[in-house]
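Open the model in your viewer and keep the selection tool at hand. Each stop below tells you what to pick and what you will find there.

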Amino acid sequence: MIFSDAAKQLRIVFMGTPEFAVASLDALLKAGATIAGVITAPDKPAGRGMELQQSAVKKYAVDNGLRVLQPEKLKDPVFQEKLRQLNADLQICVAFRMLPETVWNMPPMGTINLHGSLLPQYRGAAPINWAVINGEKETGVTTFKLQHAIDTGNILLQESFPVGADDTAGIVHDTMKAIGARLLVKTVDGLATGTITETPQTIAPNETIHHAPKIFTETCLIHFDNPVKAVHDLVRGLAPYPGAFTFLNGKKLKIFKATAQYTIPNVPVGEYQTDGKTFLSVACADGLLDLKEVQLEGKKKMAIEDFLRGYQFK
């Protein structure tokens, strides 16, 4: 989609950090957006040499000759003055930090956010992960206006898409990245031409609202006394990162890919079955989890056949 003349005239400040946000910034530029500046995270040390690494958004912005600001603190008056001098009509936030009101309320058209769920469902830091963990068959993206409470602003546009029974969070992320970028372009154009009506978020009386809090280590520990579908969904929802895990002979074993067998296991919950060559299954409450791709503590990620070839069970 190419922007209308009205959208092309808007001065836009883009805020984002990871690869997910790059797709949106790229789509805006290709649509003809005027990007007055890009706000992203400061460079951080990473890797064995702890060398400073740029965010994915900064790399893209630099490659495309865009002005970049990297504030340590968004409430810093010096940063806010630099932001004000960019004279933005509209700010766009994709996979960035929580913004103070002095930032999101600065431009005359406010700030819009791209969120990885069909709001009001899955408000929070990890909407993609939790939608898959909860076994959702559908999810989507929402563009909305930022306001005080997180992820509660007026909805602008939404688009849904199906989640396959074996899709991982990584697969959903990549699908959402592309759909979200297109929806964002459509949203900006609609705001510029006055063809979008803001809709307040509403929750039906009998609607169950799911939340999407940050993923912690304890979230990733597999409890095999749960139904096999729930265990399989947990594995999918945490792949490829941070990875669901269990323990094998005292060492952490991350599981990145598995399938569910809905047959009653003939071993106790949490016990494994294997021929030592081609399969390794763990008993759940009502079935077996067949491990397909794993990573033992201190080792590389590998297919189960390769893992079994080099592992000695005690």
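Predicted model: local features only at pLDDT ≥ 70, side-chain atom pairs only at ≥ 80, totals over all residues.

Tyr-122 sits in the loop between β7 and α6. Check its backbone: phi is near 55°, a positive value in a residue that is not glycine. Most residues other than glycine have a negative phi. Is Tyr-122 buried or exposed? Tyr-122 is buried, because its relative accessible area is 3%, and the cut-off for buried is under 20%.

The peptide bond from Leu-119 to Pro-120 is cis, with omega near 15°. Pro-120 belongs to the loop between β7 (111–115) and α6 (127–133).

Now jump to Ala-239 and Pro-240. They are joined by a cis peptide bond, with omega about 10°. Here the loop is the one between α9 (228–237) and β10 (244–248), where Pro-240 lies.

Next, select Asn-87. Which loop holds it? Asn-87 lies in the loop between α4 and β6. Its phi is positive, about 55°, although Asn-87 is not a glycine. Asn-87 counts as exposed because its relative accessibility is 54%, and exposed means over 50%.

Step back into α4, residues 77–85. Asn-87 comes just after this helix. At the other end, show the side chain of Asp-76. Asp-76 caps the N-terminal end of α4. One of its side-chain oxygens lies 3.0 Å from the backbone nitrogen of Val-78.

Color the buried residues of α4: Phe-79, Gln-80 and Leu-83. They lie on the same side of α4, because they cover an arc of only 95° around the axis. What do the buried residues of α4 pack against? Show β1 (11–16), β2 (34–39), β5 (68–69), β6 (90–94) and α5 (101–104).

Move to α3, residues 56–63. Its buried residues are Val-57, Lys-58, Tyr-60 and Ala-61. Then select Gly-65, which follows α3. Its phi is positive, near 70°.

Finish with a helix pair. Select α2 (residues 19–31) and α7 (residues 169–193). Two packed helices are described by the angle between their axes and the distance between the axes. For α2 and α7, the angle is about 35° and the axes are 9 Å apart. Is their crossing left-handed or right-handed? The crossing of α2 and α7 is right-handed.

Show the side chains at this contact:

- From α2, pick Glu-19, Phe-20, Ala-23, Ser-24, Ala-27, Leu-28 and Ala-31.
- From α7, pick His-173, Met-176, Lys-177, Ala-181, Leu-184, Val-185 and Val-188.

The residues of the contact of α2 with α7 divide into 10 nonpolar, two polar and two charged.

Definitions and conventions. Residues numbered from 1 in each chain as written. Heavy atoms only, no water. Axes fitted to C-alpha atoms, helices over the stretch in contact; angles between N-to-C directions. Helix = DSSP H or I, 4+ residues; strand = E, 2+ residues; numbered from the N terminus. Left-handed = near helix turned anticlockwise from the far one by under 90°. Contact = heavy atoms within 4.5 Å. Nonpolar A, V, L, I, M, F, W, Y, C, P; charged D, E, K, R; others polar. Buried < 20%, exposed > 50% of the residue type's maximum accessible area, 1.4 Å probe, protein only. Arc of directions from axis to C-beta. Polar contact = N/O pair within 3.5 Å; in protein donor to acceptor, adjacent residues only side chain to side chain.
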